[in-house]
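This note sets out a reading of the model, point by point. Please have the sequence and the coordinates open alongside it.

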Amino acid sequence: MKPINNSYTIIVGTRPEIIKMAPVIRALKEQSQPYVFVHCGQHYDYNMSQQFIDELELPKPDYGFKVKAYSPGLQTGRILTIVERVAKKVKPRVVLVEGDTNGVLASALAAVKLNVLVGHVEAGLRSFDLRMPEEHNRRLVDHLSKYLFTPTEIARKNLERENVWGNIYVTGNTVIDAVIQHMPLAERKSSIMDRIRFRRFALVTAHRAENVDDSAVLKNFVEAFAEAPIPVVYPLHPRTKKRLRQQKMWKKLSKTENVHLLPPLGYFDFLVLMKNCEMIITDSGGIQEEATAPSIRKPVLVIRLSTERPEAVEAGFAKLVGVEKHNILTAMEQTLNEEERLPKTSPYGNGTAAEKIVDILNQSNSVFRKPYTWRNLLDQT
Amino acid sequence: MKLMLIVGARPQIIKSAPIIHEAQKHREIELQLVHTGQHYDFEMSKIFFHELDLPDPLVNLGVGSGSHAWQTGNMMIKLEKTILENKPDVVMVPGDTNSTLAGALAAAKLHVPVAHVEAGARSYDMRMPEEINRRLTDHCSSLLFAPTKNCAKNLRQEGIRKQLIKLSGDTMYDALLQHMSTAEKSNILTEIGIKTDEYAVLTLHRPENVDTPKTFENIMKAMTMLKEVIIVFPVHPRTKQRLAAAKLMKQTQAANRIKLIEPVGYDEMLQLTQHARMVFTDSGGLQKEAFWLQTPCITLRDKTEWVETTELGANVLAGSKLQRIVEAAREIKETKGIKVKLERLRNPFGEGQAAQKILAQILKRG
């Protein structure tokens, strides 16, 4: 039985959090650091996430909670109480959270309310759009954390501008570590390439509401992919499929020789496709980061009007092409004709972010100064 | 225009009183007063409502006391429901308690604009739960009413947009001015049997002071060493428990210069503070009240969010060290004409019109 008290406590809720925390868990294990792994997911995808944890060959969570909540306040409130219960039992040295969901905010808040120090992985991201709930969560978690692990210099500057009280460390993004660690697993477990009828292809993902809910934009996409200078592989999000049907574009797209539509794919299948494609065309944020990992290294065309990942663009991995058919086609053409000019290294780090995080944690004295040590608060009933 | 005002603890009710009275003057404002029940004693809070002439709250959520996370979580759940049912246009949260944060979070997550009263106060001591509440509330608010220029500056330094910050003055000062005439009629001094200037007031409630027996003992020992003044100590029920737990009850009662009294009302407290030689406290609000009433203050904390008072020399941070407390008290006693000096200080907390300014802004944005 591993020691529980005074361990690092890792709390995850969603699949992206599991992916990005996986390298941290492995680094703690490698350095034989005591840790407690908590899975606190929403009831509707709890079982899938649990299965996902198995697939990534991560240790089983020490605590699991299925949170049934239909509103943000209820969700935050419930997780606060759950995490407090765990923290009282475990007496963590540091609570580690990743990302910007309501669950992350609730977990971090519960910890800090017990005077337990919080470490935020992927700190300092800002869209500067306060209508997005994630933007609130990010800001609040950054303002209550003691350790802020930022993926890039830009993120560090965001935090400095806000004068956060915690310490800022630029570690790189653990998503790069994750791609490196998960690619061999993915290649072993996925057989997606057997199903793809093209040898060379562009991989497309488009599911953001602002794109697929706009019929003009959706039409641009369908026409651009149909006329693309290279075959297109396009795993469809159920939402996108629904919109395509509503707009009567489904038939046209599914009958196009040049386009291979796929159902939504798992993480491993997607990693393998990213590795084997010629270029990635996407409106997702996370994919822009993953594409820069050494085991993928692919050019990305961002089909959006703006991106909160300026580093990928500056480094030359990504190009912001917008949503016009002509621009998408021209950019694809250019990318195909270009000699490979992608930088050797990722702007999101060299895949050692998790190791750095664990080193930093081990080197610091992770207890609040007396007389407010966590022991005071945690020992109270 | 529906304005939901969320209160829970006693200082928040004082801060809100001028806003409530001002809102009652505007017919276009529908005030929805929500009491979270964070206050441990509902009866006490009721008396307080009466004293401040406040309307009954629309709802009392009765959350009660518990650990910080439990309390915040439960308040969020109940406040979210209340907000969904009453559909306010703005949710206003004063101060820095768990009720403040829970209200701000519940509203922000439902995309209801949050207005924070007393925004931007910072002690930069993250071990204080209030500091966390303040910071997080400020960062999910879309209207921030700063009581002083310094508070506004603190907010700017955290990257909060200038357009969202309004310098309003402090509603606690409004409340104090409105209550001075009734406070003067209080006969609390006669009841206790003390005269102006022969006593000092002591209040203590912070866990870091009362939950550690050693610290508590130090503070009480310092009090017994101050031979020339009587110590009037209104005891919070929680503090009383701790006093007993630290085995200090007997000792304290034996020292006949220390007068333990039941918690007092707002007017009585103002009267006591005004006529005291000095004030010893670990509360935030009393530091300001002592400042406005020109009574020297010794704060039994390492840091304060009201640096305005310490920078002007009206307030001294003594922490909980016996020697420092005794020295600070001696210095005050030896300073000649200290009251006159304090009277001459400028007041950075506004002119007593904060509530008016706040509601004018709310109506403008409404």
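**Notes on the predicted model**

1. In chain A, strand β11 is joined to strand β12 (residues 300-302) by 3 bridges, and the two run parallel. Strands are DSSP runs of E of at least two residues, helices are runs of H or I of at least four, and both are numbered from the N terminus. Two strands pair if DSSP finds at least two bridges between them. Strand β8 (residues 202-205) of chain A also runs parallel to β11(A), with 4 bridges joining them. T282(A) has V302(A) as its bridge partner in β12(A), and T205(A) stands opposite T282(A) as well.

2. The model is predicted; local features need pLDDT of at least 70 and side-chain atom pairs count only at pLDDT 80 or more, whereas totals for chains, interfaces and linings use all residues. Residues are numbered from 1 along each chain as its sequence is written, while chains are lettered from A and ligands numbered from 1 in the order in which they are written.

3. Which way do the residues of β11(A) point? M279(A) and I281(A) point one way from the strand (residues 279-282), I280(A) and T282(A) point the other way, and all are buried. A residue is buried if 20 or more other C-beta atoms, placed from the backbone, lie within 10 Å of its own, exposed if 12 or fewer, and partly exposed in between. In a regular strand the side chains alternate between the two faces of the sheet.

4. Y70(A) lies in the loop between β3 (63-67) and α3 of chain A. Y70(A) is exposed because 8 other C-beta atoms lie within 10 Å. Y70(A) is 28 residues from Q42(A) in sequence, and their C-alpha atoms are 9.5 Å apart.

5. Confidence is expressed as pLDDT, the predictor's score for each residue from 0 to 100. Chain A averages 91, and 95% of its residues score at least 70. Where pLDDT is low, the predicted coordinates should not be read in detail.

6. Between the chains, 30 residues of chain A are in contact with 31 residues of chain B, a contact being two residues whose C-beta atoms, placed from the backbone, lie within 7 Å. On the side of chain A, the elements that give two or more residues are α3 (72-90), α4 (102-113) and α5 (133-144). The most comes from α3(A), with 9 residues. This side of chain A divides into 14 nonpolar, 10 polar and 6 charged residues. Nonpolar covers Ala, Val, Leu, Ile, Met, Phe, Trp, Tyr, Cys and Pro, charged covers Asp, Glu, Lys and Arg, and the others, Gly among them, are polar.

7. Chain B is divided into domain 1 (2-170 + 350-365) and domain 2 (180-343); the bounds come from an automatic or database domain assignment. The C-alpha centres of the two domains of chain B lie 27 Å apart. How many residues are in contact between domain 1 and domain 2 of chain B? The contact involves 13 residues of domain 1 and 11 residues of domain 2.

8. Chain B holds 18 helices and 13 strands. Of its 366 residues, 52% count as buried.
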